[in-house]
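This briefing is for a reader new to the structure. Please look over the sequence and the model before reading on.

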Amino acid sequence: MIDSPCDAPRPPGLRRGVSVLVLTVSMAATACALVAPAHARAAASQQLVVLLDDHVARTHPSPHAHRIESVAARRPLTRVRTVLPVIGHARAPGGQSWAHVRLPGRPSGHKGWIPTHKTRPAFTAWHISIKLSARRV
């Protein structure tokens with residue numbers, strides 16, 4: 001039997017290093033979103049919303065719109081507050097304010113509308129730049 005280089009196990013240090021890198025980037029982004037200083041808010045590159053209670057995401061900014069999914073106020077595994085990127089805002093005819101947000105989970109990039117009551121606005125100056133052609137993050 002011939003062993004190919006693809007079948008060779010990766011050294012444990014490489015796997016651990018990649019895992020630590022991914023964890024560090026995600027933790028840094030979350031921490032910066034929650035504690036961004038006032039000067040960072042002025043030049044924020046991304047508006048966020050922190051959920052203070054569970055919400056129902058809907059297809060349009062209306063309590064009668066089709067329900068997409070429930071979004072928990074805390075992440076299931078870590079129990080930290082859910083922080084969602086805001087895409088836009090709207091005000092319903094009754095005066096209720098809504099935020100258009102990217103939703104967690106799959107499929108990646110799905111979005112919905114949540115009412116802004118029981119949320120807290122947040123900002124982050126951090127952003128992730130990905131260049132697929134250069135294979136750079």
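The points below cover strand pairing, the nonpolar core and a surface patch. The model is predicted.

**Strand pairing**
- Strand β4 covers residues 83–91 and strand β5 covers residues 97–102; the two pair in the antiparallel sense over five bridges.
- In this pairing, Gly 88 has His 100 of β5 opposite it.
- Five residues lie between the strands in the hairpin of β4 and β5, and Gly 95 there takes a positive phi near 100 degrees.
- β5 also pairs with strand β6 (residues 111–115), again in the antiparallel sense and over five bridges.
- Here Arg 102 stands opposite Lys 111 in β6.

**Nonpolar core**
- Eleven residues form the largest nonpolar core: Val 49, Leu 51, Ala 57, Val 71, Ala 73, Leu 84, Val 86, Ala 99, Val 101, Leu 103 and Ile 114.
- At least two residues of this core come from each of β1 (46–51), β4 and β5.
- Leu 84, one of the core residues, touches Val 49, Leu 51, Val 71, Val 101 and Ile 114, among others.
- The contacts of Leu 84 also include Gln 47, Leu 48, Arg 102 and Pro 104; residues up to four places away in sequence are not counted.

**Surface patch**
- Ile 128, Ile 130, Leu 132 and Val 137 make a nonpolar surface patch of about 500 Å².
- Ile 128 lies in the segment after β7 (119–124).
- Ile 128 counts as exposed because its relative accessible area is 56%, and exposed means over 50%.

Note on methods. Residues are numbered from 1 along each chain as its sequence is written. This is a predicted model: local features need pLDDT of at least 70, side-chain atom pairs count only at pLDDT 80 or more; totals for chains, interfaces and linings use all residues. Side-chain values use heavy atoms; hydrogens and water are left out. Two strands pair if DSSP finds at least two bridges between them. Helices (H or I, at least four residues) and strands (E, at least two) are DSSP runs, numbered from the N terminus. A nonpolar core is a set of buried Ala, Val, Leu, Ile, Met, Phe, Trp, Tyr and Cys residues joined through side-chain atoms within 4.5 Å. Buried means under 20% relative accessible area, exposed over 50%, partly exposed in between (1.4 Å probe, protein chains only). Contact means heavy atoms within 4.5 Å. Patches are made of residues with over 30% relative accessible area and no salt bridge: like charges are joined within 9 Å, nonpolar side chains (Val, Leu, Ile, Met, Phe, Trp, Tyr) within 5 Å. Accessible areas come from the Shrake-Rupley method with a 1.4 Å probe; for residues, only the protein chains shown count as cover. A salt bridge is a side-chain nitrogen of Lys or Arg within 4 Å of a carboxyl oxygen of Asp or Glu.
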